[in-house]
Amino acid sequence: MPLLYLLYLLLAVAVALLYAIFVACAVPIVAISAFIAYGFGMPFTYFLSLGRVLVSRPAWLSSPRSWPKPPADADPAVLQYFYGPAMADADHAVRVAYEKCQELWKRGAKIVVSFFGTDNLMVTWPLGIGGAIGIAAGTAFGAFATVACALMHLLVVGVAALSVRATGAVLRGTDSAVLRIKNIQMICPVCYERVSYPAYDCPGLTCPNRHRDVRPGRFGIVRRRCYCGTRMKTLLLFGSSEMDARCPHCGHPLEYHPGEAPEMVLPFFGAVGAGKTRLLFSMVTQLRMWTAAERLAAEFGDSSTARDLNVADHILRSNSTTAKTPIQLPRGHVIRVTSGNDTRILHMFDAPGERFYKAHRTQELRYFSQARTLILVIDPLSVEAFWERLPRDRQAELDSLRSTAPSPTLAYDQTHQEIERMGVPLGKARLAVVFSRADLIDEPSDDVATWADEVLGLGNLVCSARQQFKEAYFFHTAAVMVDGTVHDSVPKLLRWVLAGSGVSLPGGTP
Amino acid sequence: MTDKVKVEECSYRWHRRYVFAAALIAFITLLVVLWFVVLKG
């Protein structure tokens with residue numbers, strides 16, 4: 001019997017030893033397994049969630065909690081990814097990963113609890129203890145690794161966002177610098193406002209969207225995408241001028257593709273009937289004749305200019321009278337002139353003479369504030385002192401052609417004061433004083449300025465023009481065509497006008 | 001899915017892929033750096 005008890009005791013000790021070995025092995029093995037599952041499972045879950053949010057985007061994926069919205073009055077374009085959506089995606093990925101990790105924990109906790117509720121508790125409790133220890137340690141390590149993953153993701157997004165914004169700022173600055181170097185300042189021929197950058201219509205065939213500022217920014221760096229899906233270039237450097245431009249202030253179409261060449265505002269002013277429109281027609285006709293002779297290239301910049309000026313040479317050739325310029329605010333005639341390698345966009349403004357007698361009417365001609373070369377047109381026949389000296393029979397002959405407007409000095413004084421009030425530094429502006437009717441009046445024997453002073457009695461005007469302006473040049477022109485050519489005085493005037501902008505026209509500078 | 005959302009999804013497709021790849025590469029780089037630091041330590 002004692003031997004049997006000894007045998008039972010030995011058996012019990014052996015079983016206890018085996019059980020202890022089982023516990024000693026099971027707890028760490030399960031703990032290590034759980035640690036590996038959670039320690040590596042959590043960062044893996046994060047990357048899996050990131051992959052679902054950023055790459056596969058399955059249909060069942062939950063919606064992001066928030067999504068960046070541009071201001072209500074912003075352009076109809078898709079936000080650039082790094083101007084908000086990237087951070088929203090990061091937030092979305094963290095939330096999806098957190099949900100998946102919660103599922104992982106719940107599943108682990110359920111398994112651990114199940115180990116303590118079985119009939120074989122003696123066998124399963126070490127597994128439960130090992131699992132609990134492993135899950136706790138694995139979660140701590142996994143959380144650290146997951147945070148490291150999330151930080152790496154945020155670092156990538158942050159660096160990319162900074163790089164994108166810096167690139168946008170550099171490109172924007174470069175574009176502005178190129179415009180400044182090329183001396184390109186744009187102006188709307190309708191509202192006369194300075195256009196810092198044109199607005200553009202979406203090039204999509206049926207898309208009515210208009211983009212007020214396409215430059216690199218929150219909607220795109222090199223290109224932007226309209227809500228209709230069409231891609232648009234963001235900079236003049238990249239060829240945005242190929243799109244249909246509009247004035248950002250009044251919305252009027254700018255058909256001449258602004259931004260490609262320097263623009264020059266060329267206002268004509270002077271008394272009623274001085275010959276401003278006719279002079280403009282003769283200048284346009286001369287440009288077209290040079291174009292026909294392939295000595296330069298001049299083309300109308302928009303359909304409105306083409307409609308108004310297509311008849312210019314016909315009117316000059318037939319020697320018909322020009323229609324009276326309407327009293328309303330003038331629309332600029334836009335002409336693109338290319339001579340050699342130089343291209344200029346001419347905005348020629350022909351306002352009616354009535355607008356130069358009263359300050360408030362002159363003030364409305366705000367395009368003067370953008371002009372650095374001006375053309376004053378004077379009809380010598382309207383100067384009373386000169387008219388009185390003409391023989392009676394000559395007076396009778398010219399009476400129907402003579403401008404009956406008030407003294408030409410009134411229009412000059414009025415206009416140059418208003419231009420000064422607009423903030424134009426006259427000391428940097430050039431003035432062409434053009435005496436019309438050279439076909440009816442004998443050529444001055446002296447230079448034109450001396451003739452104006454001594455014969456016309458406009459000494460004060462001549463003196464003032466020379467003192468006030470950086471450069472004043474005096475011309476005697478005839479807006480007529482003789483034998484199919486424009487009067488010599490007109491190309492001379494054109495050369496002087498465009499020489500101020502650095503463009504050399506056929507025949508050299510005057 | 002509205003047209004605007006479709007356009008956004010299409011517009012962001014490659015940006016998202018690049019960000020995912022960059023994040024993965026950054027994390028692996030971090031692991032490699034840590035590994036060498038631990039080995040040296």
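This is a predicted model: local features need pLDDT of at least 70, side-chain atom pairs count only at pLDDT 80 or more; totals for chains, interfaces and linings use all residues.
## Ground rules

Local features need pLDDT of at least 70 and side-chain atom pairs pLDDT 80 or more, while totals for chains, interfaces and linings use all residues. Residues are numbered from 1 along each chain as its sequence is written, chains are lettered from A in the order in which they are written, and side-chain values use heavy atoms, without hydrogens and water.

## The interface as a whole

Let's start with the overall numbers. Chain B brings 17 residues into contact with 27 residues of chain A (contact means heavy atoms within 4.5 Å). About 2100 Å² is buried between the two chains, with 75% of that area from carbon and sulfur atoms (buried area is the accessible area, 1.4 Å probe, that two parts lose on being put together, summed over both).

## Two helices side by side

Helix α1 of chain A (residues 2-56) packs against helix α1 of chain B (residues 3-40) at about 160°, their axes 8 Å apart (helices are DSSP runs, H or I, of at least four residues; axes are lines fitted to C-alpha atoms over the stretch in contact, and angles run from 0 to 180 degrees between N-to-C directions). The two helices are therefore roughly antiparallel, a label for angles over 145 degrees.

Among the residues making this contact are A:Phe47, A:Leu50 and A:Leu54 from α1(A), and B:Arg16, B:Phe20 and B:Phe27 from α1(B).

## A charged link

B:Arg16 also forms a salt bridge with A:Asp89, at 2.6 Å from N to O (a side-chain nitrogen of Lys or Arg within 4 Å of a carboxyl oxygen of Asp or Glu). A:Asp89 lies in helix α2 (residues 85-115) of chain A and B:Arg16 in α1 of chain B, so the pair joins two chains. Two salt bridges are found across this interface.

How values were computed:
Angles under 35 degrees count as roughly parallel, over 145 as roughly antiparallel, 65 to 115 as roughly perpendicular and the rest as oblique.
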